Amino acid sequence: MGGLSAEVALGLYRKMVLARLFEEKAAELYTLGHISGFCHLYIGQEAVVVAVVHNLLAQDSVVTSYRDHAHMLTLGVSPNAVMSELCGKAIGCSKGKGGSMHMYSREHNFFGGNGIVGAQVPIGTGLAFAHKYKKDGGISATFFGDGAANQGQVYEAFNMAALWKLPVLFVLENNHYAMGTAAIRSVSGKTLKTRGDPFGIPTICVDGMDLLDVLSKSRDAIERVRTSSEPVILHVDTYRYRGHSMSDPATYRTRAEVENVKKTRDPIVRFKNNLVNEKLADIEMLDKIEEEVADIVEDAAKFAIDAPFPDDRELETDVVL
Amino acid sequence: MSNTTVRAALRDAMAEEMRLNKDVFLIGEEVAYYNGAYKVSQGLLADFGEERVIDTPITEMGFAGIGVGSAMMGLRPIVEFMTFNFAMQAIDHIINSAAKTLYMSGGQINCPIVFRGPNSVPRKVAAQHSQCFASWYAHCPGLKVVAPYTAAEAKGLLKSAIRDDNPVVFLEHEMLYGKSFDIPDGINELLPLDRAIVMREGCDVTITAFSISVDYALEAAKILQDECGISAEVINLISLRPLDVDAVVASVRKTNRILNVEEGWMSCGIGSEIISLVVENAFDYLDCEPRRIATADVPMPYSGKLEQLALPNAHKIAEMAKQMCGRG
């Protein structure tokens with residue numbers, strides 16, 4: 001268990017369960033019409049953000065794509081604020097002006113949430129630039145997917161990150177589908193693991209469905225970024241269970257493929273088994289955590305549904321006119 | 001009174017602000033060792049070192065995004081585009097990343113960044129290097145957009161832009177870099193980013209213009225006065241977002257005629273917006289239809305002869321103003 005104490009391990013388990021149950025509830029609220037527009041779920045990929053964030057320090061910064069709910073929750077933003085934002089409510093984390101794709105927390109150094117595929121990579125590199133400029137000891141964890149990995153600006157950022165020795169961990173979450181296009185249909189050379197090579201950026205490969213693997217290897221990667229002030233790519237092999245967004249029935253892959261991943265690689269089931277096998281927890285304790293989290297999520301949904309919509313006066317605030 | 005070029009005024013503004021605030025830095029192509037593609041950053045590397053005057057690879061989208069990310073963390077980057085033509089490569093970060101984030105984050109994350117460089121038509125460099133982007137940026141909420149004409153404006157506006165907590169698009173003009181202006185001593189050097197200036201008072205026709213077009217408008221005003229005694233009021237718009245409606249409307253109420261001049265294309269241009277505002281706010285004061293002079297509706301030709309034909313100039317402005325005043 002990589003030297004994890006029972007308390008820490010259960011905390012990580014709780015965070016993965018929170019991300020999972022929260023988004024299952026969000027899907028439910030979407031179906032009921034409380035949430036609209038684009039809503040991209042992270043279900044299946046929870047181990048990635050939970051493990052990487054566990055290894056970060058308070059001064060570090062994080063940025064990701066539009067698939068951002070789990071990042072918010074894992075960094076410690078309240079489920080009520082995130083669910084309220086999804087429902088477009090005044091008390092949402094962006095006052096109902098951002099929605100699913102545009103969530104931020106200045107308090108937690110989380111800089112979005114970005115609806116433009118790949119745009120977060122130069123921005124995350126800019127966060128790293130600022131850490132180095134200010135000499136604050138922080139690093140930037142910049143998450144992006146296999147789809148973004150084909151955007152030109154990602155390589156502009158790689159080039160400058162390597163050239164200027166910027167402290168940035170590029171977390172390449174390869175869930176194998178860029179919306180409906182399989183990586184094998186969009187990636188020349190059939191792998192993303194060598195994309196850092198021309199820039200001399202080392203790549204560390206992890207199994208994103210195994211919390212312990214992401215934990216130990218991201219710890220090493222983050223340590224390397226922090227001490228050397230040089231970029232590192234964490235190539236994460238992961239899988240999303242749901243469609244690209246709520247409107248995607250995901251007919252581009254077989255049901256059997258999805259079911260097989262759920263049955264054999266699910267990160268929460270896998271970690272649950274780890275905990276029980278290593279006697280860090282018993283089933284009752286884990287069930288109890290799930291029940292507590294389910295209550296928190298249920299409360300968040302009720303809270304968000306009942307919360308008021310933004311006042312009309314909010315239309316023209318938070319922007320220079 | 002001192003005499004200085006727009007180029008030196010811009011450099012002085014950056015140097016002064018960098019001295020005052022260590023979070024201010026300059027980033028872009030050729031800004032450091034080359035001293036700026038147009039020598040605007042002359043000497044800054046020597047004064048502030050490589051950590052604060054940063055040469056980038058040729059990678060507009062990348063360095064614009066890096067600038068935005070650093071601004072979100074509280075730094076105050078000045079992002080120089082070698083020309084705004086190349087900023088089209090980076091416009092996603094200017095609009096989607098810089099301009100919208102304060103709103104999208106419910107006021108949590110602001111982006112104090114200046115995007116600056118030469119805009120519009122520098123002469124005989126053909127279509128891809130000759131375009132005015134004023135109306136593109138003026139269209140977008142979340143941005144402030146300014147275009148200085150004089151050296152004092154260049155300095156005072158750039159200093160204000162660097163201190164502003166919002167993204168500012170700062171449109172310079174290559175043809176003005178070498179132009180000298182007197183700067184009065186002892187005036188407050190910081191200029192507001194949202195105010196137009198009356199460059200010449202008049203009572204027969206209002207001519208609105210920005211950047212180098214102010215030059216043409218002032219020359220036209222002199223022709224109009226000398227040749228037919230028409231008194232033209234010339235307004236230097238300076239701010240394109242927000243437009244100083246009050247200044248324009250006050251002038252039209254006096255002159256009853258409005259003519260806008262710009263080097264951008266006419267369609268959906270700054271002139272379109274000026275005329276809409278005048279019609280909305282001073283319709284009853286108009287004695288003739290509002291008019292526009294803009295660059296011909298074609299990609300800019302290379303040949304100097306055709307380029308001259310495409311661009312606004314003092315003569316075209318004067319002729320139009322004479323017609324408007326019934327002297328054509």
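1. The domain bounds used in this note come from an automatic or database domain assignment. On that basis, chain B of this predicted model is divided into domain 1, residues 2-183, and domain 2, residues 197-324. The centres of the two domains of chain B, taken over C-alpha atoms, are separated by 26 Å.

2. The boundary between these domains involves 24 residues of domain 1 of chain B, in contact with 21 residues of domain 2 of chain B. On the domain 1 side, the elements that give two or more residues are helix 6 (134-138), strand 6 (144-146) and helix 8 (174-177) of chain B. Helix 6 of chain B provides the largest share of that side, with 4 residues. By class, the domain 1 side divides into 16 nonpolar, 4 polar and 4 charged residues.

3. Turning to chain A, the model contains 11 helices and 7 strands in this chain. Its C-alpha trace spans about 60 × 50 × 40 Å along the principal axes of chain A. The radius of gyration of chain A is 19 Å, which agrees with the value near 20 Å that a compact globule of 321 residues would have.

4. The axes of helix 1 (residues 6-31) and helix 10 (residues 267-277) of chain A come within 10 Å and cross at roughly 160°. Angles over 145 degrees count as roughly antiparallel, and helix 1 and helix 10 of chain A are therefore roughly antiparallel to each other. The crossing of helix 1 of chain A with helix 10 of chain A is left-handed.

5. Which residues of helix 1 of chain A meet helix 10 of chain A? From helix 1 they are Ala9(A), Tyr13(A), Met16(A), Val17(A) and Arg20(A); their counterparts in helix 10 are Pro267(A), Ile268(A), Phe271(A), Lys272(A) and Leu275(A). This contact between helix 1 and helix 10 of chain A has 8 nonpolar and 2 charged residues, with no polar residues.

6. Between the chains, 31 residues of chain A are in contact with 33 residues of chain B. On the chain A side, helix 5 (120-134) and helix 6 (152-163) are the elements that give two or more residues. Helix 5 of chain A makes the largest contribution to this side, at 9 residues. The chain A side divides into 16 nonpolar, 10 polar and 5 charged residues.

Definitions and conventions
Residues are numbered from 1 along each chain as its sequence is written. Chains are lettered from A and ligands numbered from 1 in the order in which they are written. This is a predicted model: local features need pLDDT of at least 70, side-chain atom pairs count only at pLDDT 80 or more; totals for chains, interfaces and linings use all residues. Two residues are in contact if their C-beta atoms, placed from the backbone, lie within 7 Å. Ala, Val, Leu, Ile, Met, Phe, Trp, Tyr, Cys and Pro count as nonpolar, Asp, Glu, Lys and Arg as charged, and the others, Gly among them, as polar. Axes are lines fitted to C-alpha atoms, for helices over the stretch in contact, and angles run from 0 to 180 degrees between N-to-C directions. Angles under 35 degrees count as roughly parallel, over 145 as roughly antiparallel, 65 to 115 as roughly perpendicular and the rest as oblique. A crossing is left-handed if the near helix is turned anticlockwise from the far one by less than a right angle, and right-handed if clockwise. The radius of gyration is taken over C-alpha atoms; the globule rule is 2.2 Å times the number of residues to the power 0.38.
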